[in-house]
Amino acid sequence: MSPPEPQLSISQSRSSSKDEPLLVLKQISHGFDGQAALQNINLQIYPGDRLALVGPSGAGKSTLLRLLNGSLAPNQGQVMALGRDLAQLSNRQRRKLQRQIGTIYQQFNLINSLRVIHNVNAGNLGRWSLPKALFSLAIPQEVAAAQAVLTQVGIPEKIFERTDQLSGGQQQRVAIARVLTQNPQVILADEPIASLDPERSREIMELLTQLCTQQGRALVVSLHDLEMAKVWCDRIVGLRNGEICFDCPAIEIRSHQIKSLYQIEPNSSI
Ligand SMILES: Nc1ncnc2c1ncn2[C@@H]1O[C@H](COP(=O)(O)OP(=O)(O)OP(=O)(O)O)[C@@H](O)[C@H]1O
Ligand SMILES: [Mg+2]
């Protein structure tokens with residue numbers, strides 16, 4: 001079977017939209033140790049997008065998310081965030097802009113030995129002075145605000161518990177609460193439900209999509225579960241071998257696109 005046909009990008013088809021894109025990848029290519037991980041990527045993320053990034057392991061999903069949040073600079077091409085070219089910014093300007101891009105990592109990136117409130121307050125670190133951040137470790141600051149975001153994610157009673165005493169699903173909620181504290185315009189989530197059972201997965205997807213729908217944020221989420229992508233997202237981008245194979249509304253996705261996205265190549269060693 002031949003690889004999937006490239007399709008008209010959904011971003012191109014909505015060029016009449018009055019919204020400016022929040023994030024833009026223009027002609028991006030990136031490789032590691034001489035091996036191409038992403039090639040020729042053009043992608044625009046708009047306010048209100050609920051975009052699922054799907055594709056087989058190694059397709060480049062996490063790399064693409066790292067380019068979108070500016071933690072990785074591409075070998076070629078341009079990354080625009082909120083209208084600014086990331087490559088043209090000083091480190092300070094880039095860090096300031098990166099506050100508008102919240103990332104939820106698969107491994108949560110929480111400090112397990114700390115109480116929940118400190119992990120939630122880590123979302124304030126871009127705003128707080130160093131003395132305030134250090135003082136907060138002794139006497140937690142902005143407790144009411146932390147309580148409010150923990151209420152939003154459904155675990156207000158856990159605020160003073162040690163993070164490693166929480167279940168995986170609860171820790172995922174703490175990671176989401178930290179991003180809510182950061183209050184970004186875009187939330188990027190790398191396989192946020194990979195380690196959760198089906199019910200917890202549904203709850204987390206519902207929460208993430210609600211938080212974006214209610215507040216006009218954009219959500220970009222990498223997922224292995226295609227059914228979840230179709231249920232919770234309105235736009236699906238398929239990545240294979242570092243290239244975008246399709247970028248279309250979730251309701252238009254067809255089974256042949258999925259099949260060719262995940263097909264094993266005849267010369268694959270798997
Ligand atoms: N830091 C790195 N150093 C070297 N190679 C890397 C690095 N990060 C990613 N790669 C390579 O880039 C390619 C894309 O990796 P990436 O992690 O983006 O894939 P993915 O789609 O997120 O996969 P998965 O579904 O398994 O998480 C892979 O071939 C991977 O080995
Ligand atoms: Mg990944």
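In strand β10, F246 is the bridge partner of G238. This pairing belongs to a predicted model, in which β9 and β10 pair in the antiparallel sense over six bridges. Both strands are part of an open sheet of six strands with mixed pairing.

**The six-stranded sheet**

- Strands of a sheet pair through backbone hydrogen bonds, and the pairing may be parallel or antiparallel.
- The order of the strands in this sheet is β6-β7-β8-β3-β9-β10.
- β6 (101-104) and β10 (243-249) stand at the edges with a single partner strand each, so one side of each has no neighbour in the sheet.
- On average, neighbouring strands of this sheet are turned by 15 degrees against each other, direction ignored.
- Strand β7 (residues 186-190) and strand β8 (residues 218-222) run parallel and are paired over five bridges.
- Within β8, S222 is the residue that stands opposite D190.
- Helix α8 (residues 198-215) lies across β3 (50-54), β7 and β8, and runs at about 155 degrees to β8.

- In strand β9 (residues 235-240), six of the six residues are buried, so the strand is largely enclosed by the rest of the structure.
- In a regular strand, the side chains alternate between the two faces of the sheet.
- In β9, R235, V237 and L239 point one way, while I236, G238 and R240 point the other way.
- β9 is joined to β3 by four bridges, and these two strands run parallel.
- One pair of bridge partners consists of L53 and V237, the latter in β9.
- β9 and β10 form a hairpin with two residues between them, and N241 in the turn has a positive phi of about 50 degrees.

- Strand β1 (residues 23-32) and strand β2 (residues 35-45) run antiparallel and are joined by seven bridges.
- H30 has L38, in β2, as its bridge partner.
- This hairpin has two residues between its strands, and D33 takes a positive phi near 50 degrees.

**The nonpolar core**

- The largest nonpolar core has 65 residues.
- Helix α7 (residues 168-182) gives the most to this core, with six residues.
- The residues with the most contacts inside the core are A52, L53, V186, I187, L208, V220 and V221.
- Leaving aside neighbours within four places in sequence, L208 is in contact with I176, I187, A189, P192, L219 and V221.

**The shell around ligand 1**

- Ligand 1 is surrounded by F32, D33, A37, G55, S57, G58, A59, G60, K61, S62 and T63.
- These residues divide into three nonpolar, six polar and two charged.
- Helix α2 (residues 61-68) supplies the largest share of the shell, three residues.

- I258 is found in helix α10 (residues 255-262).
- With 18 other C-beta atoms within 10 Å, I258 is partly exposed, because a residue counts as buried at 20 or more such atoms and as exposed at 12 or fewer.
- Leaving aside neighbours within four places in sequence, I258 is in contact with L226 and I253.
- I258 and C245 are 13 residues apart along the chain, and their C-alpha atoms are separated by 9.9 Å.

Methods: Residues numbered from 1 in each chain as written. Chains lettered and ligands numbered in written order. Predicted model: local features only at pLDDT ≥ 70, side-chain atom pairs only at ≥ 80, totals over all residues. Core = buried A, V, L, I, M, F, W, Y, C linked by C-beta atoms within 7 Å. Contact = placed C-beta atoms within 7 Å. Near = placed C-beta within 6 Å. Nonpolar A, V, L, I, M, F, W, Y, C, P; charged D, E, K, R; others polar. Pairing = 2+ DSSP bridges. Axes fitted to C-alpha atoms, helices over the stretch in contact; angles between N-to-C directions.
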